[in-house]
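Me: I have a protein model to read and I am new to this. Can you take me through it feature by feature?

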Amino acid sequence: MVNSMSIRTRLILAFAVLLALLFAVAAVSLQRLEVLTATTQDIVNFQARRAQLAQRINQHAQAEAIILLNLLQTSGREERVKLYAALDEEIAASGKAVSDLDMTMLSAEVQGEIDHISDLRQRYGVLLQETVELIEIEGTPKARAYFEDRTHKVLRTLLFDTQALEDQLQQMMQSELEQLKLAADQARQRVIWLAFAALVIGVWLAWFIARGIVVPVRSAVSLARGIAAGHYDLDVPQGQRGEIGALLRALRTMRDSIASREAKILRLAYVDPLTDLPNRTRFTELFDERPAQQNGALVLLDINRFAAINNALGHAVGDQLLCQIARRIQQALGASDLVAHFWADQYALLLPDADRVHAAAQVQHIIDTLRAPIMLEGQRLDIEVSAGVALYHPGSARLHDLLRCASQALTLAKRHHDPMAFVADMQGDVPPAQLSLIGEMREALAQGEFVIYYQPKLNLAQHQITAAEALIRWRHPLKSMIPPMQFIPFAEQTGFIREITPWVVRQVIADAAQWQRRGLSVVASANLSTLDLLSHALVQDIQQCATQAGLLPAQLCLEITESALMDQPELALQHLHELSVFGFKLSIDDYGTGQSSLAYVKTLPVNELKIDRAFVTGVDHTPKNAAIVRSTLLLCRELGLSVVAEGAETAEELAWLTANQCDLVQGYVVAKPMPLNEFLTWVEKYNNPDTCGTDL
Ligand code: C2E
Ligand code: MG
Ligand code: MG
């Protein structure tokens, strides 16, 4: 019951009890003090006075006796008269003392004594009077005899009895004093006991109240600490009332609010709000928490043509599509697998304990699942996705390295229009050669580590090298020569291609202008990427550079892939038209690997079409490749485009291409890409076999 009282009530009660105890102590002390004071007063006022009066009676009686004795020995009348006067005074004083004593209210026992003394005093007075009369009438001898016979006896009795009374009164006073002392002792003891009781009760109350406050406050403190440490499942004691109850209720409310707010914050921090999948941050955490000895695969997966779907059907449909795809991936995954939505149309998958075979099967299963048509707002969507897979091994790569590798694989998959591509298995750490390239690219450009190799294009009709493609290489000081496919895709993703392409183009224009000045009729080709085609500044830069170098525009060819036109095709087309109008040649690179090749052939102001190596390889003995290449040759002839067959490696392929009147061949069968000086020597030799050694 006490526990249910509020702290205020408890404190009021406790202090009330303490005050009552103190009051009792004070009251008892005061009362005892009063009794003592009254008794003392009584002693001072009566007892002492009575003893004094008794003593005085005795003294007067003695004085009277002495005067009487003097009278008995005095013969002269005049001298006796003086003594009579003194005697009268003493008698009067003695009588007054007796009557004073009689007036003090004494106990019956003492009153009898007083009465006896009073009688004696009267008898003595009479005898004294008679003795004095005898002195005057019959002379001193008779008076002396009378005195000794009668007066003296009474005097002796009077003196003795007054002395006895005085002693008795003294004794009474003494006994009263002793009683007083006893009462004082008792009062002191009572006060001490009361004070002690007050002290004990006070201590008990203090302990009890402190305990009643401290215990719940302590549990509130540990609860608050628990909440601060994030333990929101801690029980908050129920049933407390008053201030502590209010405090605990406030803590419970605080715990619940913090828990729900933290859950919201965690959700915002870790969950993608659109798809409800873990986001990149959560994926990173879960990846870092994986067992150190785990193998597995990290997959980056994105939707082909998602931007086009978004543009065509609107962002609301795009969002629904992303959610549906998230659900399907989740359903297709194994229990221990993980999927996260990174951004836009990109998902990341973690397949723990997956080797290459298992990962390929799992990714293929997901791709197949996603291929099933999706109905959104009455529209049927057939979705294609691409996946880049990076395998990891115990103690191997950090996540961002794996992501970079998977992203590289994804780019490859898209480039080759494969549903998935694997990065070469990474044993131990990912080779630094692949990891730090992006970070080093800027420095490399500044330090002149990029070089341009030229690969000749052989004109089959003229048997002359009439063109060459500029292909970039990175002469890394530590990692030997790095091929473009290891850094160009990253440069394209990071936007650094915007710095590489102007450098390449300037370099190629300078080289081509030099060839032109030396009379070497070789058209130089440079590759452009998607981002380049969106930059009007680059278009102007190329024109300006060619003009400054004095290069005939027709001596420069710009190669673009179909996929380069995917983003903002209208802007890219506008820039291509500007370049074409200026007089530069345009070439469609990797023809046949894109998705709408014929549409581009029709729309683009191109001069050249490069059939991808995929169709050229084995063209001499692969009927399908042969059919494709033959029909492309026919088509280009009709459209007035020259055709370059890329990647011819064998003499048979070359013979087949020659027989089918292909215009140009670029491939190892002719020559591999070479550094500028080597290329110039090689071209000089090839084009002028009879005049070797001409200095270009
Ligand atoms: P691409 O423009 O299609 O270049 C042709 C690629 O095929 C070159 O690879 C070339 O070495 C290779 N090749 C030529 N003949 C044969 C052959 O007979 N067999 C085989 N197996 N390969 C052959 P490279 O130099 O590794 O370049 C790869 C790609 O990198 C290029 O493909 C191009 O897309 C890109 N690239 C190269 N340099 C640049 C550049 O300066 N800027 C841009 N944006 N991309 C570049
Ligand atoms: Mg090319
Ligand atoms: Mg190509």
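This is a predicted model: local features need pLDDT of at least 70, side-chain atom pairs count only at pLDDT 80 or more; totals for chains, interfaces and linings use all residues.

Me: Is Gln555 buried or exposed?

Reply: Start with the cut-offs: buried means under 20% relative accessible area, exposed over 50%, partly exposed in between (1.4 Å probe, protein chains only). Gln555 has a relative accessible area of 13%, so it is buried. It lies in the loop between helix H16 (536-549) and strand E12 (556-561). Helices (H or I, at least four residues) and strands (E, at least two) are DSSP runs, numbered from the N terminus.

Me: What does Gln555 touch?

Reply: Contact means heavy atoms within 4.5 Å. Leaving out residues up to four places away in sequence, Gln555 touches Ala512, Gln516, Leu520, Ser521, Val522, Val523 and Ala524.

Me: Which class does Gly76 fall in, and which Pro623?

Reply: Gly76 has 27% relative accessibility, so it counts as partly exposed. Its place is the loop between helix H1 (7-73) and helix H2 (77-103). Pro623 has a relative accessible area of 64%, so it is exposed. Pro623 lies in helix H20 (residues 623-639).

Me: How do I read aromatic rings?

Reply: A pair of aromatic rings is described by the distance of the centres and the angle of the planes. Rings of Phe, Tyr and Trp (its six-membered ring) pair if their centres lie within 6.5 Å; planes under 30 degrees apart count as stacked, over 60 as edge-to-face and the rest as tilted. A search of the whole structure finds 12 aromatic pairs. One of them joins Trp474 and Phe487, edge-to-face, at 5.5 Å centre to centre with 85° between the planes.

Me: Where do Trp474 and Phe487 lie?

Reply: Trp474 is in strand E9 (residues 464-476), and Phe487 is in the loop between strand E10 (480-482) and helix H13 (488-494). They are 13 residues apart, and the pair links distant parts of the chain. Both Trp474 and Phe487 are buried. With Phe450 and Trp503 they form one aromatic cluster.

Me: Which charge sits over the ring of Phe422?

Reply: The rule asks for NZ of Lys or CZ of Arg within 6 Å of the ring centre and within 35 degrees of the ring normal. The charged end of Arg356 sits over Phe422, 4.3 Å from the ring centre. Lys672 lies over the face of Tyr668, 4.7 Å from the ring centre.

Me: At what angle do H8 and H9 pack?

Reply: Axes are lines fitted to C-alpha atoms, for helices over the stretch in contact, and angles run from 0 to 180 degrees between N-to-C directions. Helix H8 (residues 315-332) and helix H9 (residues 356-371) pack at about 140°, with axes 9 Å apart. That makes H8 oblique to H9. Angles under 35 degrees count as roughly parallel, over 145 as roughly antiparallel, 65 to 115 as roughly perpendicular and the rest as oblique.

Me: How do H16 and H17 compare with those cut-offs?

Reply: The axes of H16 and helix H17 (residues 569-582) come within 10 Å and cross at roughly 10°. That makes H16 roughly parallel to H17.

Terms used. Residues are numbered from 1 along each chain as its sequence is written. Chains are lettered from A and ligands numbered from 1 in the order in which they are written. Side-chain values use heavy atoms; hydrogens and water are left out.
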